[in-house]
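Here is a short report for a reader new to this structure.

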Amino acid sequence: MGFREMRRKNQALSPEECAAVLARGTSGVLALAGDDGYPYAVPMSYIADGGKIYFHCAVTGHKLDAIRSSDKASFCVIDQDQVIPERFTTGFRSVIAFGQIRIMEEDGERRMALEKLAEKYSPNILPAKTQEEIRDGWGRVCLLEFSVEHLSGKEGRELAENRQ
């Protein structure tokens, strides 16, 4: 099965614009197949790196149980959401990634993901302090890798018109 095409193509973001939204965002919502057929969507901090998105989480919980049941996931980042009351609309921009997610097992790949996350969220911390934090939390953190298979972005008509 392929991914659906966007209905309003004139509001679609280019691949470069989608990548920029992912790069500047600091949180998004990871959606998984949860218990009893209910979707499970959870806010997450992340780092996007090429065609991969990395997350960290606790070593147990609903999220990991869901991933073990199904590796299919989506991840949504809202870049802008400006309410325009007089026009009964919003100026929005968002990106949705679809792909497969896995629990990272190998120590080297886990460390790489943690270092990338630390670089994004704590860029001015001394490297020695970052390494100390990674070492101290190593046994209490799980790392996830989301491989992007499809990426789409859209912005509200008002933003698209201003861009053109």
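## Terms and model

Two residues are in contact when they have heavy atoms within 4.5 Å of each other. The model described here is predicted.

## The chain as a whole

The chain has 5 helices and 7 strands. Along the sequence they follow the pattern α-β-β-β-β-α-β-β-α-α-β-α. The C-alpha atoms fill a box of roughly 50 × 40 × 25 Å, taken along the principal axes.

Of the 164 residues, 35% count as buried.

## Helix α1 and its cover

Helix α1 spans residues 15-24. Which of its residues are buried? They are Cys18, Val21 and Leu22. Seen down the axis of α1, the buried residues fall within an arc of 95 degrees, so they line one face of the helix. The face turned away from the buried side carries the exposed residues Glu16 and Ala23.

What covers the buried residues of α1? The cover includes the strands β3 (47-49), β4 (52-57), β5 (72-84), β6 (89-103) and β7 (142-155). It also includes the helix α3 (107-121).

A disulfide is a covalent bond between the sulfur atoms of two cysteines. Here the cut-off is a pair of cysteine sulfur atoms within 2.5 Å. By this rule the count comes to 0 disulfides.

Cys18 is in no disulfide: the nearest cysteine sulfur, that of Cys76, is 11 Å away. Cys18 has 1% relative accessibility and counts as buried. Cys57 is in no disulfide either. For Cys57, the nearest cysteine sulfur is that of Cys142, 4.3 Å away. Cys57 is also buried, with a relative accessible area of 10%. Buried means under 20% relative accessible area, so Cys57 falls in that class.

## The largest pocket

About 410 Å³ of space lies in the largest pocket. Its lining has 16 residues, and the closest to the pocket centre are Leu114, Ala118, Thr130, Glu133 and Ile134. The elements that give two or more residues to this lining are α3 and α4. Which element gives the most? It is α4, with 5 residues. By class, the lining has 8 nonpolar, 5 polar and 3 charged residues.

Glu133 is found in helix α4, residues 127-137. Is Glu133 buried or exposed? Glu133 is exposed, with a relative accessible area of 51%. The cut-off for exposed is over 50%, so Glu133 passes it. Glu133 and Val77 are 56 residues apart in sequence. In space they are 27 Å apart, C-alpha to C-alpha.

## A loop residue with positive phi

Most residues other than glycine have a negative phi. Asp36 has a positive phi of about 55 degrees, although it is not a glycine.

Where is Asp36 found? Asp36 is in the loop between β1 (28-33) and β2 (39-44). At 75% relative accessibility, Asp36 counts as exposed.

How values were computed. Residues numbered from 1 in each chain as written. Predicted model: local features only at pLDDT ≥ 70, side-chain atom pairs only at ≥ 80, totals over all residues. Heavy atoms only, no water. Buried < 20%, exposed > 50% of the residue type's maximum accessible area, 1.4 Å probe, protein only. Helix = DSSP H or I, 4+ residues; strand = E, 2+ residues; numbered from the N terminus. Arc of directions from axis to C-beta. 1 Å grid on protein atoms, 1.4 Å probe; cavity = no way out; pocket = protein on both sides within 12 Å on 5 of 7 lines; lining within 4 Å. Points joined across faces, edges and corners; volume = space filled by probe spheres on them. Nonpolar A, V, L, I, M, F, W, Y, C, P; charged D, E, K, R; others polar.
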